[in-house]
Amino acid sequence: MADDKGFTLWFTGLSGAGKTTITNELVKELLGRGSKLEVLDGDVVRENLSKGLGFSKEDRDTNVRRIAFVANLLSRNGVPVITAAISPYRAIRDEARQMMDGRFIEVFAKASVETCEQRDVKGLYAKARSGEIKEFTGVSDPYEEPENPEIVVETENQGPEESAKQIIDYLEDKGFISKS
Ligand SMILES: Nc1ncnc2c1ncn2[C@@H]1O[C@H](COP(=O)(O)OP(=O)(O)OP(=O)(O)O)[C@@H](O)[C@H]1O
Ligand SMILES: [Mg+2]
């Protein structure tokens, strides 16, 4: 049954690192347990909440601050949230952490640029290399790795189900969800 404990699983990582894929696994698992849950995926947010924003540092920061604002509203009311946006800048992620102190769980989806580029799920790396897309994280724009994330999922060395299980185990161990 639902635990009514709010928390925010805050994914960060390069495009293609696996944020959305692992989120989908977590959604299945958590909803299956009867949990409330909301997802703020970068691609979806940019189509509505952040429509019109671009990829300058200022716009990226605004986008991430909006995601943090909504994640805070939900999680402080007992609704678990998963955010799945690149969120490349450490300082803004740390703002989100401060805002949601005690219920903010940073999850680093770790994969090298080379791996993500080989995967090139959306064909974006090719466009970034050709110059068709400017300011592409990991290629022509910065990505600041987290220094002390609560969880690191090594998506080069494990499958999405395994990464999801690692996260569920963490949530259980820390008492955010009850053991199944
Ligand atoms: N362990 C893993 N975890 C997640 N994805 C994996 C893993 N191993 C391989 N993949 C593959 O890597 C790709 C990850 O793409 P995904 O869309 O989830 O990335 P993303 O981080 O959401 O990127 P974006 O920031 O562009 O939305 C998928 O094709 C997925 O099948
Ligand atoms: Mg995604």
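Modeller: Gladly! Let me begin with isoleucine 167, which touches Leu9, Phe11, Ile22, Leu26, Val107, Ile151 and Val153, leaving out residues up to four places away in sequence. Please keep in mind that this is a predicted model.

Biologist: What makes a set of residues a nonpolar core, and which residues touch the most other members of the largest one?

Modeller: The residues must be buried, of a nonpolar type such as Leu, Ile, Val or Phe, and joined through side-chain atoms within 4.5 Å. The largest core has 30 residues, and those touching the most other members are Leu9, Phe11, Leu26, Ile105, Val107, Ile167 and Leu171. Strand 1, helix 1, strand 4, helix 5 (113–119), helix 6, strand 5 and helix 7 (160–173) each supply at least two residues of this core. Helix 7 gives the most, with five residues. A second, separate core has 14 residues, among them Leu40, Ala71, Ile92 and Ala96. In soluble globular proteins, nonpolar side chains tend to be buried together.

Biologist: How do you know that strand 1 and strand 3 are paired?

Modeller: Pairing needs at least two bridges. Strand 1 (residues 8–12) and strand 3 (residues 81–84) are joined by four bridges, so they count as paired, and they run parallel. For example, phenylalanine 11 has alanine 84 of strand 3 as its bridge partner. Helix 1 packs on the sheet, where it touches strand 1, strand 2, strand 3, strand 4 (104–110) and strand 5, and its direction makes about 155° with that of strand 1. Helix 4 (residues 90–99) also packs on the sheet, touching strand 1 and strand 4, with its direction at about 150° to that of strand 4.

Biologist: Why are strand 2 and strand 5 called edge strands?

Modeller: The sheet is open, with five strands in the order 2-3-1-4-5 and parallel pairing. Strand 2 (38–41) and strand 5 each pair on one side only, and that is what makes them the edges. On average, neighbouring strands of this sheet are turned by 20° against each other, direction ignored.

Biologist: Why is arginine 93 called buried?

Modeller: Buried means under 20% relative accessible area. Arginine 93 has 1%, so it counts as buried. Arginine 93 lies in helix 4, and its contacts beyond four places in sequence include Trp10, Thr12, Phe104, Glu106 and Tyr143.

Biologist: What makes the pair of arginine 93 and threonine 12 a polar contact?

Modeller: The cut-off is 3.5 Å between N or O atoms, with one able to donate a hydrogen and the other to accept it. The side chains of arginine 93 and threonine 12 make such a contact at 3.4 Å.

Biologist: Is aspartate 141 buried or exposed?

Modeller: Aspartate 141 is buried, because its relative accessible area is 16% and the limit is 20%. Aspartate 141 sits in the loop between helix 6 (124–130) and strand 5 (151–154). Its side chain joins that of arginine 60 in a polar contact of 3.0 Å.

Definitions and conventions. Residues are numbered from 1 along each chain as its sequence is written. Chains are lettered from A and ligands numbered from 1 in the order in which they are written. This is a predicted model: local features need pLDDT of at least 70, side-chain atom pairs count only at pLDDT 80 or more; totals for chains, interfaces and linings use all residues. Side-chain values use heavy atoms; hydrogens and water are left out. Buried means under 20% relative accessible area, exposed over 50%, partly exposed in between (1.4 Å probe, protein chains only). Axes are lines fitted to C-alpha atoms, for helices over the stretch in contact, and angles run from 0 to 180 degrees between N-to-C directions. Contact means heavy atoms within 4.5 Å.
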